[in-house]
Amino acid sequence: MKKNNIKATILALFMIALVGCSDDYFDVNTPANTATLEQLGMKDLMAPVIHSTMEGQRSAELAFGNYTQYFVIQGGGAAGQTSASGLWNQVYLYILPNIKVIKAKAIENRAPHIGAISDILIAINLGIATDTWDDIPYSDATEGPDNNFPTFDNQEEIYNRVFDLLDGAIAALSAPDNSGFNLGTSDLIYGGDSDKWLRAAYTIKARYQLHLVNKGVTTPNEVLTSIVNGFTSNEDNFEMSYSSQNINPWYSSQIVERRSGNPHNDIASQIVSSMNGDYYPFNSKYSDTIITNNVTPFDPMNNDSTFVFTIDPRLPLFADTDLDFENEIGGDEWKGFVSGKSNEAPDGSEANTFFVENGYYTSVESPLLLISYAEALFIRAEAAFLANGGTTTSVGSSATAYTAYLDGIQASMDMYGVDGSDYLEEASIDVGAGALMLHHIMKEKYIHNFLNPETFVDFRRYDFSDDVFTGLTIRAEEEGEDNDFFGQWFRRANYPSTELNRNEANVLANQETPVTPVWWDQ
């Protein structure tokens, strides 16, 4: 795990941000001793932008992780409509205005690599914003008080802009930079390594190209052309770690809050049942009879442990069945919470899975992960599967697709620090190229991308199909709940009330119901 730890001082720099989305943003006085934009350098601004970018990803996951059934509201509650306002604030208050300044300074100082990194960050934030709300402000969204009523660009235009930004960044990073400027430690992702940013640009481009394959705008082969230049190992993972001075927000919201008796989330049955043998029964080489989810305790971080293989070795890094915070794997079975049921597991018994303390994403210093090498391999596997004529129900694919699928699993195991050798030999995993189906690839991507908002895109791309996401069922109806859209999958966020109040005409011109597909999903 890389330790690009956040410095506490970067938070103070957020006060310089300006935005043209709400009068409230301007109803503040400039604090004494605050640096002006002219006094701030590119390094000063880049760390807060990257921090906000990663926090924005988490804000999106808080909105959509319930929809993708990684977690439920405490006790099994299903989330209703969302405005994802935390993401909106990060993008329009903290990110886009500051990047505009960085880009201007990069041009002034003839620092093309820093300008390219800025463009990649803009593309990332535009991408997640448009995938969240569909049409969004961009063309005139950073004019501040000069334009308090920004118009909205449609999603097709935003995607074109995303690709333009990434292509421009790729060209700039592929050429030398003789400016002498380097971001160094203010680059919280790669420490100023331009080669890693170049591979990130290609990988992110492939992710967004994949979004448009079913729309017919891009082809699987175009995705493959991009991803071949992308990440080459887990050392390329786009992640930002925290520290004991600046603790991981998942640890704060799930572990600390649960310890103190405050509201929190619990682990949903969809992710647990995908990992405990329910949806994909194990045929362990150690025993022909062990195909249930009965658990034999073991240490997932000790590769020399002897255990009966009955669960995915990554599951104990996500969840725990122990309520006493004794760092034990409690209970005989892993039973996730059914979305929309009260404390109920799929078999009708009491659910028992909770965010694990000191898990991969739930320790004090855990990272926030935007995109990884393993995801890049699953992108390659899916694109190769589709390029080979694969569909949601077809069987068999090319050696390229199958190799990328297996390599993606291995990369995931390596990233999480567990031994995946036995898992990769399982009959339910090692199916062979001739038996490979799309659901095998997407199941592994779903597991690997735990707590990643990209999964909400995947669910929508395949219309929440249980052919692709084995066992997936829509949230249950709870008595007394707001069920205006019961029986329908949520497909977007509503625009935040702050933007509606400030920019009503433009918001209403673009607002759709939360179950209306976004452009690429139609």
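Visitor: How much of the protein chain counts as buried?

Guide: Of its 522 residues, 61% count as buried, where buried means under 20% relative accessible area, exposed means over 50% and partly exposed is in between, with a 1.4 Å probe and protein chains only. Please keep in mind that this is a predicted model, in which local features need pLDDT of at least 70 and side-chain atom pairs count only at pLDDT 80 or more, while totals for chains, interfaces and linings use all residues. Residues are numbered from 1 along each chain as its sequence is written, and side-chain values use heavy atoms, with hydrogens and water left out.

Visitor: And what does the accessible surface come to?

Guide: The accessible surface of the protein chain comes to about 19800 Å², and 46% of that belongs to carbon and sulfur atoms; such areas come from the Shrake-Rupley method with a 1.4 Å probe, and for residues only the protein chains shown count as cover.

Visitor: How many helices and strands are there?

Guide: The protein chain has 15 helices and eight strands, which are DSSP runs numbered from the N terminus, with helices being H or I of at least four residues and strands being E of at least two.

Visitor: Let's start with helix 1, then. What is its reach?

Guide: Helix 1 covers residues 42-64, which is 23 residues, and reaches 33 Å from its first C-alpha to its last, close to the 33 Å expected at 1.5 Å a residue; the expected span is 1.5 Å times one less than the number of residues. Because 20 of its 23 residues are buried, helix 1 is largely enclosed by the rest of the structure.

Visitor: Switching to strands, which residues of strand 4 are on each side?

Guide: In strand 4, residues 238-241, Phe238 and Met240 are on one side and Glu239 and Ser241 on the other, and since all of these are buried, both faces are covered.

Visitor: How many bridges join strand 4 to strand 8?

Guide: Four bridges join strand 4 to strand 8, residues 367-371, and the two run antiparallel; strands pair if DSSP finds at least two bridges between them. Met240 stands opposite Leu368, and Ser241 has Pro367 as its bridge partner. Strand 8 is mostly covered too, with five of its five residues buried.

Visitor: What does Phe238 touch?

Guide: Leaving aside neighbours within four places in sequence, Phe238 is in contact with several residues, among them Met54, Leu121, Trp197 and Leu368, where contact means heavy atoms within 4.5 Å. Phe238 also belongs to the largest nonpolar core, which has 143 residues, and is one of the four members, with Leu121, Trp197 and Phe450, that touch the most other members. A nonpolar core is a set of buried Ala, Val, Leu, Ile, Met, Phe, Trp, Tyr and Cys residues joined through side-chain atoms within 4.5 Å.

Visitor: Which helix gives the largest share of this core?

Guide: That is helix 3, residues 112-133, from which 12 residues of this core come. There is also a second, separate core of six residues, including Val72 and Phe337.

Visitor: Is Glu382 buried or exposed?

Guide: Glu382, in helix 9 (residues 373-387), counts as buried at 0% relative accessibility. Not counting residues up to four places away in sequence, Glu382 touches Leu210, Leu438, Ile441, Met442, Lys445, Arg461 and Tyr462.

Visitor: And how far is Val457 from Ile128?

Guide: Val457 and Ile128 are 329 residues apart in sequence, yet 9.5 Å apart in space, C-alpha to C-alpha. Val457 lies in helix 13, residues 454-461, and is buried, with a relative accessible area of 3%.

Visitor: Where does Arg110 lie?

Guide: Arg110 lies in the loop between helix 2 (85-108) and helix 3, and is exposed, with a relative accessible area of 72%. Its phi is near 50°, a positive value in a residue other than glycine. Asn343 likewise has a positive phi, about 55°, although it is not a glycine, and is partly exposed, with a relative accessible area of 36%.
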